Amino acid sequence: MTKFSDKVLSNKNNLQVIYEDNHIIVVNKRAGDIVQGDKTGDKPLSDVVKEYIADKYNKPGNVYLGTVHRLDRPTTGLVIFSKTSKALPRLNKLFVSKDISKTYWALVKNSPEKEIGTLIHWLKKNPKNNKSKAHKNEVPDSKKAILHYKTIKQLDNYYLLEVNLETGRHHQIRVQLSTIGCPIKGDLKYGFDRSNKDASISLHARNIKFIHPVSKINLNITAPLPIDTVWQACL
């Protein structure tokens with residue numbers, strides 16, 4: 001497993017808060033941040049956000065925080081947390097009913113055959129190597145995966161794709177793009193030939209749109225791109 005440097009992980013002092021109100025907080029996850037605790041024992045982003053809230057508002061005791069969804073550890077971008085028990089089930093319902101629009105940006109080496117397309121596969125997860133495999137047809141224990149993509153910029157050595165998910169499967173964007181010959185920059189697990197210097201993969205949860213679960217206002221939130229030469233060339 002790749003070891004990320006503590007120097008580049010989020011902490012309560014450098015946490016990139018993109019949006020915050022009484023009920024929700026949206027942060028821009030750094031590569032290497034793990035959203036929830038796992039067997040590594042590394043401090044999860046959820047604990048960092050709790051520390052940030054406790055410090056900012058001088059809250060004694062335990063801070064309530066609900067984790068609504070996750071991003072893969074080497075990816076970057078927007079993660080929503082609930083600050084209240086009132087908002088959490090409503091946010092969960094928005095995700096289940098697909099009433100949250102999530103847009104990702106991915107840097108790939110090769111151009112897809114079509115500039116705009118829809119990918120449909122059946123994904124089967126192998127828990128032993130924490131990897132999914134895409135199949136053209138349904139196989140036992142597989143789940144249908146659908147995404148939509150379009151090429152939005154051609155760089156000197158890479159192509160920038162905008163991806164919208166219709167389903168949310170394990171490593172879905174990574175494995176589906178790899179299957180069409182477009183592995184994501186830095187993603188050794190799914191066929192890219194070399195790693196990124198910071199151990200990230202160039203997949204960024206760029207934008208989310210949804211109706212606030214409590215106030216009912218329309219939210220349209222965009223995450224700044226990582227400070228990286230290739231990413232910055234996408235602007």
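**Notebook: contacts and cores**

I began with contacts, meaning heavy atoms within 4.5 Å. Residues 24 or more positions apart account for 61% of the chain's contacts with a separation of 6 or more.

I noted the ground rules. The model is predicted, so local features need pLDDT of at least 70 and side-chain atom pairs pLDDT 80 or more, while totals for chains, interfaces and linings use all residues. Residues are numbered from 1 along each chain as its sequence is written, and side-chain values use heavy atoms, without hydrogens and water.

Next I looked up the overall build. I found 4 helices and 11 strands (DSSP runs, H or I of at least four residues and E of at least two, numbered from the N terminus). Of the 235 residues, 48% are buried, meaning under 20% relative accessible area with a 1.4 Å probe, protein chains only. The C-alpha trace spans about 55 × 40 × 35 Å along its principal axes.

Then I turned to the cores. A nonpolar core is a set of buried Ala, Val, Leu, Ile, Met, Phe, Trp, Tyr and Cys residues joined through side-chain atoms within 4.5 Å. The largest one has 30 residues. Val27, Val49, Phe81, Ile173, Leu177 and Ile184 have the most contacts inside it. Elements giving two or more residues include strand S2 (24-29), helix H1 (45-56) and strand S4 (76-82). H1 gives the most, with 5 residues.

I followed Val49 further. Beyond its neighbours within four places in sequence, Val49 touches Leu15, Ile25, Val27, Leu65 and Phe81. I also found a second, separate core of 17 residues, with Ile24, Ile80, Phe95 and Ile208 among them.

Terms used:
Buried < 20%, exposed > 50% of the residue type's maximum accessible area, 1.4 Å probe, protein only.
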